[in-house]
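This briefing covers confidence, domains and helix packing in the structure shown below. The points are grouped by topic.

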Amino acid sequence: METLLYLIITLIKIVLIVVPLLLCVAYLTYAERKIIGYMQVRIGPNRVNFSAIPGLRKIPGFGQPIADALKLMFKEIIIPTNSDRFLFVIAPMLVMAPALAAWAVIPFSEGGWVLADINAGLLYILAMTSMGVYGILIAGWASNSKYAFLSTMRSAAQIISYEIAMGFALVGVLMAAGSLNLSDIVAAQKGSFLHWYWLPLLPLLFIYFISGLAETNRAPFDLAEGESEIVAGFHVEYSGMLFAVFFMAEYANMILISTLSAVMFLGGWLSPFEGIELLLGENWFTALLIRASFLWLAIKISLFLFLFLWIRATFPRYRYDQVMRLGWKVFIPITLVWIVVLGVAILAKIPPWFA
Amino acid sequence: MIKITFYLFALILIFAASRVITVKNPVHAALFLVLAFFSSAAIWLLLQAEFLAIALILVYVGAVMVLFLFVLMMLDINVNSLREGFVRHFPIAAFVGAVILLEIILVIGAWHKLPTPEAATALAAVPNTQALGMVLYTEYVYPFEIAAAILLVAMIAAIALTMRPHTRAKYQKPEEQVSVRREDRIKIVKMPSETKD
């Protein structure tokens, strides 16, 4: 009975995480089209409105993600002849599942707002994100198409290469915080915004975020879907909802990378105004400002997501050998050097981070 | 509850492991091996060995098997030629299999005789990962460092043995390409405009 109750409560918690996440995914696509639209001096989607709901009537194109989702749901799923049917169908799920599973250990706010507060949280995240390659590999191989297969090879090589730099960046974080638990990592950054790890771990933050771009196959590392060379990448043969799952997984991974960057380098749910009560005196306003809450985390996540979109609108695509060079010859040496620097800093107990 | 979970994962593990050697397509076999790794990691999690479980997924599933699949998918393996010589190799294979089985039986038999390990339960207060780190960097620091050095040497040796720089191949040097300046590429030549005769 107790086990059953526990299972039901866990299930409800999972739904409470996954449903808002999928809504965010839907509206991230809207945000992407709007933001990139404005950056390119167009207005982006503006036709589909919620005209029945008074508050949302004024936002042009706000219903676009819903319309897109409905369209994709009703489209036919075409399975190519000579493809591996089972693997073809299961591949999108193998991309989506790790992107959602990693959310189990992410702390949303102070005081245990986390599904599974495990000690090896950071390792779990690494393990889960390394699983995402399988879906891409299987999708490319099972579709029995040359374009899809070429893209799979590119994307898999890229993901494996950047995972190493990403892992080393995480090693830096765990050295600084002295813990693998994500809640503890945030708690270790308490202080003002100068106490957050973005300052002592600045090179690692850059490397982590750029590797995140490469891991999610986003521009400028989107050679896995280079339209001019290999049509659309590993999902050329996919249509309808199977394609939509790949699409959603990409955006879910973007949100995941942004969240992890916020939690590990920008102090998660901590307020950036901590310590301001010493300047302005303690009153209701400063108390509100320094309150740690989920809102701060949401703002930090949005900041990183905006960077994702901004970078996509700004940079041209890398050439393949340049991508490999950046990963192996630039990022990995920098992370290795910075880990040594960090070790010295921790031994020397440099304040305010390692005192 | 733990028993049900254990038997579920054990069944999946046995099924996947047997499929690895019975399935025809090598890519499918590799994928079943991934499933086998995954279920054994789950069983380790049930034993509260979370570091080992996650390390198994991280190293074998996340890295080793991806490279395996990578190579397997690129090779066009002729399945028929692989199945030749089954009868010829059977005696050796049977002998090796029997020896491995004997070893497993000996290890499990000896394990039964051992008293229940108290150290493992005593350490349970400390997180698994931390406990492992403590032991690795104090008691076993020399074997650990030596193993790391051996791996590094093996890695360098493998690269040195397989890398044969092509003398005729053309390489791009991105660092030179990136650092190129305007003066390196274009020359502005001032010329008087020609007059019409």
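Chain B as a whole averages a pLDDT of 83, and 89% of its residues score at least 70. Where pLDDT is low, the predicted coordinates should not be read in detail.

**Model scores**
- The ipTM is 0.82 and the pTM is 0.85.

**Domains**
- Chain A is assigned domain 1 (1–74) and domain 2 (77–347).
- Between the C-alpha centres of domain 1 of chain A and domain 2 of chain A there are 21 Å. Their contact draws 17 residues from domain 1 of chain A and 22 residues from domain 2 of chain A.
- Chain B is assigned domain 1 (1–77) and domain 2 (126–163). The C-alpha centres of these domains of chain B are 24 Å apart.

**Helix 3 with helix 9, chain A**
- Helix 3 (residues 85–101) of chain A and helix 9 (residues 240–265) of chain A have axes that come within 8 Å and cross at roughly 15°.
- Because angles under 35 degrees count as roughly parallel, helix 3 of chain A and helix 9 of chain A are described as roughly parallel to each other. Their crossing is left-handed.
- On the side of helix 3 of chain A, the contact residues are F88(A), V89(A), A91(A), P92(A), M93(A), V95(A), M96(A) and A99(A). Helix 9 of chain A contributes L242(A), V245(A), F246(A), M248(A), A249(A), A252(A), N253(A) and L256(A).
- By class, this contact of helix 3 of chain A with helix 9 of chain A holds 15 nonpolar residues, 1 polar residue and no charged residues.

**Helix 4 with helix 5, chain A**
- The axes of helix 4 (residues 121–142) of chain A and helix 5 (residues 146–177) of chain A cross at roughly 175° and come within 9 Å.
- Helix 4 of chain A and helix 5 of chain A are therefore roughly antiparallel to each other.
- Residues of helix 4 of chain A in the contact include L122(A), L126(A), V133(A), I136(A) and W141(A). Among those of helix 5 of chain A are F149(A), T152(A), I159(A), E163(A) and L170(A).
- The contact of helix 4 of chain A with helix 5 of chain A has 12 nonpolar, 6 polar and 1 charged residues.

**Helix 5 of chain A with helix 3 of chain B**
- Helix 5 of chain A makes the contact through F149(A), M153(A), A156(A), A157(A), I160(A) and E163(A). The residues from helix 3 of chain B are G62(B), V66(B), L67(B), F70(B), M73(B) and M74(B).
- The residues of the contact of helix 5 of chain A with helix 3 of chain B comprise 10 nonpolar, 1 polar and 1 charged.

Key:
Residues numbered from 1 in each chain as written. Chains lettered and ligands numbered in written order. Predicted model: local features only at pLDDT ≥ 70, side-chain atom pairs only at ≥ 80, totals over all residues. Heavy atoms only, no water. pLDDT = per-residue confidence, 0-100. Axes fitted to C-alpha atoms, helices over the stretch in contact; angles between N-to-C directions. Helix = DSSP H or I, 4+ residues; strand = E, 2+ residues; numbered from the N terminus. Parallel < 35°, antiparallel > 145°, perpendicular 65-115°, else oblique. Left-handed = near helix turned anticlockwise from the far one by under 90°. Contact = heavy atoms within 4.5 Å. Nonpolar A, V, L, I, M, F, W, Y, C, P; charged D, E, K, R; others polar. Domains from an automatic or database assignment.
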